[in-house]
Each structure stands twice: as C-alpha cells, then as structure tokens.
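Me: Please take me through one part of this model, step by step. I'd like to see what sits beside it and how it faces its surroundings.

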There are 2 protein chains.
Amino acid sequence: MRNDLILTRCGIAAAASVVGHKEAAGPLGDRFDLHSADDKFGQTTWERAEAEMQHIALTTALSKGKLHVGDVGMVFAGDLLNQCVGAAYGLADFDLPYLGLYGACSTAAEGILLASAMVTGGFCRRAAAVASSHYCTAERQYRAPVEYGGQRCPTAQWTVTGAGAFIVGEEEECSVLIRAVLPGTVLEKGVRDVSNMGAAMAPAAADTLLRFFRQTGRKPADFDLIVTGDLGYEGGDILTELMRLSGVDIRDVYGDCGMMIYNRKTQDTHAGGSGCGCSAVVLAAYLLPAIARGDLSRVLFLGTGAMMSPQSIQQGRFIPAVAHLLCLSGGKERTWKLC
Amino acid sequence: MRNDLILTRCGIAAAASVVGHKEAAGPLGDRFDLHSADDKFGQTTWERAEAEMQHIALTTALSKGKLHVGDVGMVFAGDLLNQCVGAAYGLADFDLPYLGLYGACSTAAEGILLASAMVTGGFCRRAAAVASSHYCTAERQYRAPVEYGGQRCPTAQWTVTGAGAFIVGEEEECSVLIRAVLPGTVLEKGVRDVSNMGAAMAPAAADTLLRFFRQTGRKPADFDLIVTGDLGYEGGDILTELMRLSGVDIRDVYGDCGMMIYNRKTQDTHAGGSGCGCSAVVLAAYLLPAIARGDLSRVLFLGTGAMMSPQSIQQGRFIPAVAHLLCLSGGKERTWKLC
C-alpha cells in the first residue's frame with residue numbers, strides 16, 4: 001500500500017482574502033479583508049481585475065503578517081485562466097521566486113501543500129500560496145460571455161470572484177498548524193457534463209479522503225470539520241454517499257466552501273460556489289480564523305479541482321479531477337499526534 | 001540581498017524522451033527513446049496524441065530506471081495546453097499523486113526543481129517530472145490551425161512535438177546529480193510580439209543566471225555548459241548580450257535546447273525549437289547522457305517559459321516570463337562544492 005502522507009511542521013502565519021460584490025453580500029461577507037463594489041478592482045478588463053485581486057491578496061497577507069516580500073522565499077500561484085495569467089501578471093511586481101501551478105479549483109490547497117513542504121524541508125523560512133478566480137473571466141473562457149445571458153443548469157456552480165493568499169511559516173509563529181498534507185491522484189469517472197463539476201470532482205475527493213483515513217488510521221469523528229472546496233451541493237451529496245458506501249460516514253462533520261460562501265435561498269447560485277477563489281477565500285476568511293480562535297480544533301481541508309478543458313469536452317473526453325488534502329489544527333493541539 | 005538558492009542532495013535516476021517525426025529527423029534524432037512517424041501516437045486527435053506522449057514518456061522512464069509506479073512518490077507535470085490536459089489525461093492512468101504545473105516552456109525545469117526539493121526534504125524517495133508540447137496542439141491553440149498554412153516570422157520558434165519524463169532520486173542511485181536549484185521570478189520587459197518569445201524570455205533568463213552567480217560566487221568558466229531551454233537563436237543572442245552588458249560573458253559556454261534540436265540549414269524552423277517538450281527531450285536524450293558519460297561535468301540548465309496568453313496580448317499586455325535554474329553535475333563531481 002502506498003503511503004503518500006507528508007507530515008509537515010509548519011503553519012499559516014498569515015492569510016488574506018479579496019472578493020467581489022456578490023461574495024461580500026453573502027453570509028461570510030463581513031469576514032473578507034477587501035471587496036470591490038463593481039468586481040473591477042479599478043481595472044479596465046476582467047482579466048486585469050483578477051490579476052489585481054492576486055496582487056492585493058498577497059500584499060494584504062504580507063501586511064497582516066507584518067512581513068515584507070523579502071521575508072518570503074517563494075510563491076506558488078495559479079488560477080483558472082488560460083496560461084494562468086491572473087497569477088503571472090498579478091504577482092510580477094513582487095521580487096519573489098514564482099512557481100506556477102495548474103490545479104483548477106484545487107490550486108489553493110496545492111499551493112499550501114507545496115509551500116508546507118518547502119518550509120518543513122527547511123528550504124525557506126516562509127513560502128506563499130495565492131489562488132484566484134473571477135466570475136466574468138471564467139464565464140467567458142469556459143462557457144459564454146456574461147452579456148450573452150445563458151441559462152444555467154441546476155447542477156452548475158457559480159464561479160467565485162475572489163483571491164486568497166497564504167503565508168506558510170514555521171510552527172512557532174503560527175496559530176494554525178499544518179500537520180500533514182496528502183496530494184491527490186488524477187481520477188476521471190465518466191462525467192463529461194460541464195454543468196456538473198461537483199459530480200466530476202467527488203470521486204477524487206473520496207479517493208484522497210479514503211487514502212488519508214487508511215494511512216493515518218483516523219476516523220471522521222477525530223475531526224471537527226471535513227471541508228471540501230468546492231464540490232457544491234450536488235458534488236457534496238455525491239461525496240458523502242461515496243464515502244458512506246465505502247464504510248466511512250462523514251455526514252456529521254462535513255462541509256463545503258461552495259455551500260458556505262453564498263446564501264442558497266437569496267443568492268440564486270444553484271449548486272453553490274466554485275473556482276480557485278472560492279476555497280481560497282473561505283479558508284482565509286472563515287476557516288483559519290475559526291481554527292485560530294479555537295472554535296474548530298482539527299480540520300481536514302480538501303481542495304478539489306476539475307481540469308475541465310472545453311476543447312477536450314468537445315472531443316468527447318471525460319473530466320479529470322484531483323483533490324489535495326491539508327490536515328490543519330489549532331495551536332492548542334500542538335501535542336496531538338495525527339499518527 | 002535575497003538568497004533563494006536551494007542546495008539539493010539528489011539526482012536524476014532515469015529519464016526518457018518521446019518525439020515526433022521532425023524531431024526524429026533532426027541532429028539528435030537517434031538519441032530519443034521513441035518517436036511517432038505521423039506525430040499521432042496512435043490517437044485520433046492531436047491533444048490525445050500529446051497526452052499519450054506523456055504517458056509513454058513516464059512509462060519509459062520508469063522502465064529504464066527498472067522502477068514501478070509504486071517506487072515513485074509523486075509526479076509534477078504540465079504542458080502548454082489550456083487546463084494542462086496533456087498532463088491530466090496522460091498521467092491519469094498512473095496511481096500517482098499528481099501536482100499540476102503551469103510554467104510554459106519552463107515546466108520541465110520547474111518540475112525537476114520541485115521534485116528535487118521533495119526528495120532532498122525526505123518527503124519521498126523518488127519524485128517524477130513530466131512535460132510535453134505538440135506542434136499541432138500549440139499551433140491551433142496559440143496561433144492558427146496548421147491547415148491554415150499561416151506564414152511564420154523569422155523570429156518565431158517551432159513548437160517541438162515531444163515529451164520528457166524524469167525520475168528524481170537519491171544521490172546514491174544517480175549518475176547525474178542535481179546540486180542546486182534556483183526558482184526564477186516573473187519578469188515582463190515590454191515585449192508583446194507573439195512571434196518573438198525568445199525576446200520575451202531572455203530578460204528572465206538573465207535575471208535568474210545573474211542571481212545564481214551572485215549567490216554562489218561562481219563564474220561562467222566554472223561550468224562546461226550553460227544551456228537555456230528554449231530561447232532559440234533570437235533569444236539566445238539577446239541573453240548573451242544582456243549578460244555581457246551585466247559584466248558576465250557566457251558566450252564560450254552557452255547553448256540552447258531550441259538551437260540543438262533542429263538542423264538550422266535543412267529544417268526551416270526559423271529561430272529554433274520551443275515548447276515544454278523541447279528542453280525536456282533535449283535534457284533527457286542528450287544532456288543527461290552526456291553528463292552521465294563524463295563528456296560534460298558541470299552544467300547549468302535554465303528552463304525558460306513565456307506565459308503568453310493570446311487573450312492578454314489582444315488586451316495589449318506584455319508577455320510575462322520566468323526562468324528556473326538547475327545546477328547539474330556528473331557523479332565524479334560528488335566532492336565538488338558549489339558554494
């Protein structure tokens with residue numbers, strides 16, 4: 001049996017979130033650091049707005065951590081745009097070694113996972129991770145221009161306009177610890193419905209979660225929260241069912257960033273939020289502070305990504321997906337041994 | 001002054017290369033492990049062909065290293081396709097933790113850099129890196145369908161059809177050692193000509209190379225070869241000139257994978273080869289064996305990537321670029337101290 005779990009000795013030293021107007025109007029609205037009333041962030045195109053969000057998010061995270069760019073060794077970053085230009089343009093002004101990622105909506109988790117390995121490995125004292133998505137850039141790239149006003153499916157998720165930035169540092173300076181990380185494998189299970197990413201990603205999330213429980217000997221009840229980002233309502237149901245069928249019931253502790261960010265009754269986002277920015281901003285603005293305060297003690301955060309290519313779908317292919325896991329705990333749990 | 005250099009203790013345990021017919025007909029033709037006579041690798045679309053190349057490359061690398069998938073802890077992979085689907089589909093059949101990268105043509109170097117950190121950090125005994133590009137997928141995505149027969153600029157490079165796979169392992173099992181790695185920062189210096197990627201990438205290459213010499217106290221004469229992948233003839237000239245203006249003359253030891261892969265006189269590729277696959281296959285098939293044999297002792301390999309988005313160019317933006325450095329040496333150089 002493989003043992004891919006990486007035990008880390010680090011934590012989140014600082015995090016920041018930047019969102020659009022719809023996210024600011026949602027149930028977590030007052031927790032985000034900044035928002036733009038028109039989703040443009042003072043820019044002339046949606047793509048520039050997305051890059052600007054990444055810039056603001058990293059600047060804000062550094063500032064909240066009372067850190068300078070020089071205090072960070074490198075940045076892992078990505079987004080949903082072709083060639084990941086949200087990250088490339090947004091972070092070009094920082095004099096910071098840059099490692100570009102493509103993990104679709106799993107990007108925040110992938111970045112934090114790699115940053116954790118870098119800090120634990122002693123290659124740098126701190127490493128950053130940044131991820132973003134923008135409703136208007138994603139709609140026109142993956143579906144149709146927003147102006148077209150296309151009808152949306154009930155299983156479709158709403159791409160979050162937002163960027164999250166995280167500074168991973170040594171344990172001593174952190175109130176949220178990263179205890180272990182587990183990278184996921186690519187899975188495709190026969191879903192080619194571009195309006196149902198949740199279904200495409202749920203098997204990957206189940207696979208990573210089951211591997212985690214197998215490799216650690218832990219069970220869901222050992223955690224206060226097992227949270228995916230972002231399966232939405234549709235994918236979340238599939239995940240809990242897949243887990244139940246595998247003999248691991250997570251329903252009592254399960255949550256999803258895509259279900260948390262919008263008000264289901266009043267905001268009309270169908271199956272919930274999605275996009276690299278969704279899990280990034282929910283983690284930065286809501287989950288990490290809750291862990292730091294002690295409201296949550298032990299959390300499994302699963303970044304789920306669907307590498308959905310419109311071209312591959314036209315060519316009849318299924319949607320491949322991946323899920324990366326972060327095991328987080330509060331500072332008071334320092335003596336807790338995961339395995 | 002920043003010190004971003006990461007001293008690594010690992011090497012390349014195995015590598016493999018897969019190319020198309022044009023690359024097989026070039027000066028390095030007989031060194032590649034496999035090639036397809038029609039560039040289709042038995043597939044029905046160019047995109048499937050590219051994914052198949054990644055699959056074959058990793059399978060071949062494992063086989064050459066007498067390794068099984070279970071001997072490798074994770075794979076870092078990417079390509080030039082939107083959503084990096086060459087890697088996602090090509091590697092989905094391997095039960096292997098997957099970390100998706102987007103670094104444009106720097107992907108092979110970025111993957112090896114991160115794999116090196118994982119092995120050096122003790123997170124896994126071996127880690128793989130895979131990168132690919134395909135002339136026909138890149139042409140239709142970035143420029144125009146091949147059937148259109150568009151005229152090409154003299155400064156344009158030819159996207160290599162090829163995939164390279166690398167297994168990074170512990171020093172003891174390797175005849176080529178990775179002594180240090182240096183991740184690059186994103187730079188954009190005012191180039192927005194999509195037919196001149198070399199010019200867009202050269203400043204990033206110069207920046208990383210100058211940082212390397214500053215941080216190590218080394219000089220070009222300490223190396224047998226400083227090789228970029230892939231600036232081509234145009235970008236290569238600019239790099240050597242930028243370096244000379246900065247007081248570091250690399251001309252005596254400089255080479256470029258994009259200049260090595262095609263015959264300039266007979267193969268009509270204008271400014272040389274490019275694409276994630278170019279530096280990957282030249283490294284796997286030509287440079288690594290030369291280092292293992294002792295023909296080259298100390299080599300600086302610089303993966304250069306232009307994060308060129310056709311949409312950003314239409315929006316008037318410059319092309320951002322990045323260059324990641326690997327410092328390689330032969331097994332006989334074990335006692336040599338870089339710094």
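Reply: Start with Val227(B): its bridge partner in strand 12 of chain B is Phe301(B). This is a predicted model, so local features need pLDDT of at least 70 and side-chain atom pairs count only at pLDDT 80 or more, while totals for chains, interfaces and linings use all residues. Residues are numbered from 1 along each chain as its sequence is written, and chains are lettered from A and ligands numbered from 1 in the order in which they are written.

Strand 9 (residues 225–229) of chain B runs parallel to strand 12 of chain B, and five bridges link them. Strands here are DSSP runs of E with at least two residues, helices are runs of H or I with at least four, and both are numbered from the N terminus. Two strands count as paired if DSSP finds at least two bridges between them. Strand 12 of chain B also pairs with strand 13 (residues 321–330) of chain B, this time in the antiparallel sense over nine bridges. Take Leu300(B) as an example: its bridge partner in strand 13 of chain B is Cys327(B).

What about the two faces? In a regular strand, side chains alternate between the two faces of the sheet. In strand 12 of chain B, Arg298(B), Leu300(B), Leu302(B), Thr304(B) and Ala306(B) point one way, while Val299(B), Phe301(B), Gly303(B) and Gly305(B) point the other way. Nine of the nine residues of strand 12 (residues 298–306) of chain B are buried, so the strand is largely enclosed by the rest of the structure. Buried means 20 or more other C-beta atoms within 10 Å of the residue's own; 12 or fewer is exposed, in between is partly exposed, and the C-beta atoms are placed from the backbone.

Finally, a look at the whole chain: 48 residues of chain B are in contact with 48 residues of chain A. Contact means C-beta atoms, placed from the backbone, within 7 Å. Helix 4 of chain B gives the largest share of that side of chain B, five residues. Chain B can be laid on chain A with an RMSD of 0.0 Å, using a turn of 180° and a shift of 0.0 Å along the axis. The two copies are thus related as by a two-fold rotation axis. The same surface serves both copies, as 100% of the contact residues of chain B recur in chain A. The superposition is by least squares on C-alpha atoms of residues with pLDDT of at least 70 in both copies.

Key: Contact = placed C-beta atoms within 7 Å.
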